[in-house]
Amino acid sequence: MPDNKEAGERPADPSPQWAMAIDLDRCTGCEACVVACSAENNVPVAGPDQAALGRAKHWIRIDRYYEGEFPNVKVRHRPVLCQHCDEAPCEPVCPVYATYQNAEGLNVQVYNRCIGTRYCANNCPYSVRFFTWFAPEWEEPLDLQLNPDVSVRPAGVVEKCTFCAHRIKRAKLTADEEGRPLRDGDVQPACVQSCPAEAMTFGDQTDPDSKVARAISSGRSEQLLPELGTKPRVFYLKKAD
Amino acid sequence: MTTEARLRAEADHARVRNDLLARMAGASGRYLAAVALCGAVVAWALFAWAYQIREGFGQTGLQRPVYWGVYIVSFVFWIGISHAGTLISAILRLTGAGWRKPVTRAAEAITVFCLLIGGLFPLIHISRPWLFYWMLPYPNERYLWPNFRSPLFWDLAAILTYLAGSAIFLYLPLIPDLAEIADRSSGLKRKAYRALSLGWTGSSRQWQALERSMQLMALVILAIAVSVHSVVASDFSMSVNPAWHSTIFAPYFVVGAIFSGIAALVVVMAVLRKLMRLENYLREEHFSKLGKLLVLMSLVWLYFTFSEHLTAWYGNRPLEMPALHLKERGAYGALFWAMVACNFALPFVLVGIRRLRSIPTVVASSVAVLAGMWLERFLIVVPTLQRPALPAAWGAYAPSWVEVSIGAGTFAAMALLYLLFVKAFPIIAIWEYEDEAPAS
Amino acid sequence: MKHLRAEFDDPAAAAAAVDALAAAGVDPRAMELYSRRPLERYPDALRRRSFQSLGAVACAIAAGVGATALMAWIQRDYPLNTGGMPIVSGWSTGVVTLEMTLAGAVLGICVVLLWESGLLSGGAKADPKGLPDRGAVLLVSCSRREAATVKPLLDGLGAAPSDEAQPAAATVSDNLY
């Protein structure tokens with residue numbers, strides 16, 4: 001039984017509140033994060049036919065926009081992943097509580113509980129939720145690359161970025177074993193770890209000394225679609241133009 | 001009443017009763033062919049559903065970001081049509097309109113069957129339907145309950161309540177007729193109908209209780225019907241999607257439901273009239289009055305539609321305009337104006353102009369309205385989902401053979417349920433029927 | 001229980017007959033009118049007070065309050081934060097409360113109907129034995145001795161002239177059955 005007493009209010013307890021900062025000035029749109037995430041989280045490849053039907057799955061994706069006409073073209077890259085909103089519109093609409101916000105601020109998706117109404121996927125304004133249209137298959141020997149820390153989702157459930165919750169758990173276990181609290185930088189989701197430009201930062205936003213808290217409080221920080229009132233936990237540092 | 005008049009009325013009533021009971025007897029070749037055809041389509045639809053469950057939901061045409069497609073459109077459509085019975089039976093009963101009497105049972109039957117079919121769609125459209133019972137509140141060892149804050153749970157509560165209420169609303173006035181049939185049957189049929197009639201003897205105590213119950217049920221079912229389609233509308237209005245998050249949706253859907261319900265009733269009545277040779281009972285005046293109600297609801301629908309789109313267009317919100325543009329002028333523009341033509345222009349002209357109003361034109365308008373209302377539901381669900389807030393995620397949708405098969409199967413299922421119903425129960429309430437024109 | 005059976009062609013005459021018999025001292029509870037169609041006017045003697053509206057409202061309130069209490073308790077017992085909404089939110093639980101209230105009303109109406117109409121009660125129910133299509137049958141349950149007094153009353157009613165000076169036909173059974 002969960003012990004968060006008043007989960008409807010913002011928890012004042014000192015458990016880590018995870019957040020992410022992405023520096024758009026550094027992002028080159030190389031999509032290393034996309035590949036790393038798919039590999040880390042056992043995200044199956046859709047294949048050309050299914051992708052043509054609009055079923056490609058990328059838990060983190062690079063949204064690329066072009067501005068202006070040649071030769072004055074500007075390209076904007078924005079990695080979009082689950083924003084783990086504090087007031088997520090996807091959570092209240094699930095009839096079976098397959099998605100909710102846990103005490104550390106993660107928007108969790110419980111695959112086993114999902115019955116596949118897909119209301120949450122419709123309700124996400126960032127379109128970051130995906131659906132397993134078919135049971136995934138990995139031909140041998142590709143099945144050997146599956147990450148044992150992450151479940152393989154069955155057909156008919158909704159899935160999305162989890163801020164690599166398994167890595168958070170592993171870091172906590174390691175910290176417990178070593179008898180110390182979690183340090184800033186202990187937890188690195190796959191995307192953050194793989195970014196060659198070090199554009200992404202992840203950590204505890206309640207720790208004022210953490211890299212992510214400093215990034216969020218910098219003057220460049222903004223959110224995606226803030227007017228919708230979702231209070232996302234992914235902060236984008238504006239590109240210097 | 002003079003003796004002659006009384007004897008004539010008695011003979012008329014006997015003729016009516018025997019007439020209506022005779023419609024239930026026998027099964028012509030045409031009837032059996034219709035049952036077989038509908039059964040075949042339903043069987044194919046069931047196969048398609050089983051195929052979808054086995055092979056994966058990817059068999060549908062759904063894709064990101066359009067996660068809801070024609071299943072939800074059909075769901076809203078069928079629940080909408082179910083308001084036929086509520087309008088005719090409840091409202092006209094409460095206002096004391098006598099002309100409702102020959103059509104009231106047909107309307108109540110439409111309600112129950114449409115709810116059964118519409119209520120099946122949540123099962124069809126969820127990808128793990130064998131776990132649907134997790135939406136029901138029951139104590140379990142995992143301490144898990146459904147999410148009462150979810151509009152889909154509200155759907156469950158509302159539709160189950162409406163189904164129970166309308167089934168009772170259909171059954172109660174059926175009781176005296178069931179007793180009448182039992183009196184005229186023998187053997188197993190007599191026992192079955194007698195049991196179904198709960199031992200009805202026609203005493204004044206029973207009649208008073210029944211009539212009082214029907215009055216109360218009419219009031220309650222009216223409240224339920226309004227709440228049900230408002231709750232179905234909340235599936236859309238409670239979301240943050242462009243063009244969905246609108247406060248007009250609840251009354252808009254209720255109006256649309258009553259509108260499509262009247263149209264469905266007209267179509268069903270026309271079919272019954274022809275196939276069961278009920279020309280003497282379902283007369284021009286019934287179609288004329290229903291036609292006028294149709295035009296009235298068409299105007300109200302137009303008002304709501306205009307209101308909704310004007311507000312959205314004038315607001316010029318960047319997140320909403322792409323969805324609106326797609327719906328009105330983009331790829332779906334033709335469907336949008338076809339919808340307006342079917343829902344407003346055609347009924348207004350064919351039924352509104354008195355010289356043109358006749359049974360064929362009222363029926364033609366009703367068929368157009370049914371098509372138009374299905375289009376309206378489609379245009380509410382799909383264009384919005386195709387244009388989410390972030391343009392990088394814009395997408396497309398086209399239904400697959402699985403969805404089309406299941407959709408066709410539901411129409412066949414409705415016809416099949418109706419075919420079976422008219423042979424088991426009198427489609428016109430014998431005890432309620434009054435001859436308005438004794439000189440026939 | 002023995003009954004005296006009188007068949008009337010005109011339901012209004014039957015209703016009037018019941019009132020007349022009641023005025024003459026016959027116990028209203030021993031009389032019952034049977035018909036294939038509801039009467040336009042029920043005799044005062046057979047009009048019964050009903051608590052169906054009260055029952056429907058009571059059941060509705062009980063169901064609504066019960067559903068709300070259950071939801072509030074359940075949501076507090078295992079609180080899950082969805083979208084920052086309050087754990088027990090008045091608006092959203094209110095919708096389910098409304099539906100359950102209406103469902104309770106339906107249940108109340110049905111239960112009271114079954115109770116007040118005597119349907120499903122089985123037991124010794126009088127059988128009117130063949131209802132006419134338009135008329136009504138009056139059954140008076142009485143003993144042989146009482147029948148001696150009631151029968152002439154009924155005959156008298158049957159012979160009473162109606163408005164158009166035509167006799168309202170009333171066939172009274174000779175024997176009790």
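What pattern does chain C follow when read along the sequence? In this predicted model, chain C runs β-α-β-α-α-β-α-β. The chain holds 4 helices and 4 strands. It has 177 residues, of which 43% count as buried. Contacts in chain C with a separation of 6 or more were also examined by sequence distance. Residues 24 or more positions apart account for 76% of them.

Chain C touches chain B. The contact draws on 52 residues from chain C and 46 residues from chain B. Helix α3(C) supplies the largest share, with 16 residues. By class, this side of chain C comprises 26 nonpolar, 13 polar and 13 charged residues.

Chain B also touches chain A. Here 36 residues of chain B meet 33 residues of chain A. Which helix of chain B gives the most to the side that touches chain A? That helix is α6 (residues 151–171) of chain B, and its contribution is 3 residues. The chain B side of this contact contains 24 nonpolar residues, together with 9 polar and 3 charged residues.

Within chain B, one helix pair was examined in detail. Helix α3 (residues 70–81) of chain B packs against helix α15 (residues 401–424) of chain B, with the two axes coming within 10 Å. The axes cross at roughly 15°. Angles under 35 degrees count as roughly parallel. Helices α3(B) and α15(B) are therefore roughly parallel to each other. The crossing of α3(B) past α15(B) is right-handed.

Which residues make this contact? From α3(B) come Val70(B), Tyr71(B), Ser74(B) and Trp78(B). From α15(B) come Glu403(B), Gly407(B) and Thr410(B). By class, the contact of α3(B) with α15(B) has 3 nonpolar residues, 3 polar residues and 1 charged residue.

Taken by chain, the picture is as follows. Chain B is in contact with chain A and with chain C. On the chain C side of the latter contact, α3(C) gives the largest share. On the chain B side of the contact with chain A, α6(B) gives the most. Inside chain B, α3(B) and α15(B) run roughly parallel.

Technical notes: Residues numbered from 1 in each chain as written. Chains lettered and ligands numbered in written order. Predicted model: local features only at pLDDT ≥ 70, side-chain atom pairs only at ≥ 80, totals over all residues. Contact = placed C-beta atoms within 7 Å. Helix = DSSP H or I, 4+ residues; strand = E, 2+ residues; numbered from the N terminus. Nonpolar A, V, L, I, M, F, W, Y, C, P; charged D, E, K, R; others polar. Buried ≥ 20, exposed ≤ 12 C-beta atoms within 10 Å, placed from the backbone. Axes fitted to C-alpha atoms, helices over the stretch in contact; angles between N-to-C directions. Parallel < 35°, antiparallel > 145°, perpendicular 65-115°, else oblique. Left-handed = near helix turned anticlockwise from the far one by under 90°.
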